[in-house]
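I opened this notebook page to look up charged side-chain pairs and strand pairing, and I keep the entries in the order in which I checked them.

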Amino acid sequence: MPEHITVAALTLEGSFPADMSLTVELTNNALDDSPVWETVTDIQRAESRAFAHHAFTNKTAVRGFAFNYKVTIARGASGVGGTITMIGGVIG
């Protein structure tokens with residue numbers, strides 16, 4: 001069984017309008033029937049990149065520790081769209 005996943009960092013590349021809504025959720029028990037999704041509060045944004053850093057509070061995984069992510073983006077009041085060209089990251 002893999003070791004406990006305690007932290008994760010994601011990098012999103014693309015174009016991110018200033019008024020868009022960006023939510024990142026991460027889990028460290030993705031194989032379980034009901035993964036514990038944790039909302040990332042440490043998100044740094046720039047025009048072409050967003051960085052998300054998270055320390056997991058979940059310490060249990062019935063089927064072993066496994067990482068996954070969800071990214072939810074919505075247009076802001078300006079109506080300007082954006083793109084994601086790459087998502088990458090590391091876990092530890």
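Which residue forms a salt bridge with aspartate 33? I worked on a predicted model, and in it I found arginine 63 as the partner of aspartate 33, with the closest N and O atoms 3.1 Å apart. I then placed both residues: aspartate 33 lies in the loop between strand 2 (21-27) and strand 3 (38-39), and arginine 63 in the loop between strand 5 and strand 6 (68-74), so the pair ties together parts that are 30 residues apart in sequence. For aspartate 33 I noted a relative accessibility of 65%, which counts as exposed.

I looked up the number of salt bridges and found that the structure holds two. Besides the pair above, I noted that the side chains of arginine 49 and glutamate 13 meet in a salt bridge, at 3.0 Å from N to O.

I next turned to the strands themselves. Strand 1 and strand 5 pair in the antiparallel sense over seven bridges, and I noted histidine 53 in strand 5 as the bridge partner of alanine 9. I traced an open sheet of four strands in the order 4-5-1-7, with antiparallel pairing. Strand 4 (42-45) and strand 7 (83-91) stand at its edges with a single partner strand each, so one side of each is left without a neighbour in the sheet. Direction ignored, I noted that neighbouring strands of this sheet are turned by 15° against each other on average.

Note on methods: Residues are numbered from 1 along each chain as its sequence is written. This is a predicted model: local features need pLDDT of at least 70, side-chain atom pairs count only at pLDDT 80 or more; totals for chains, interfaces and linings use all residues. Side-chain values use heavy atoms; hydrogens and water are left out. A salt bridge is a side-chain nitrogen of Lys or Arg within 4 Å of a carboxyl oxygen of Asp or Glu. Helices (H or I, at least four residues) and strands (E, at least two) are DSSP runs, numbered from the N terminus. Buried means under 20% relative accessible area, exposed over 50%, partly exposed in between (1.4 Å probe, protein chains only). Two strands pair if DSSP finds at least two bridges between them. Axes are lines fitted to C-alpha atoms, for helices over the stretch in contact, and angles run from 0 to 180 degrees between N-to-C directions.
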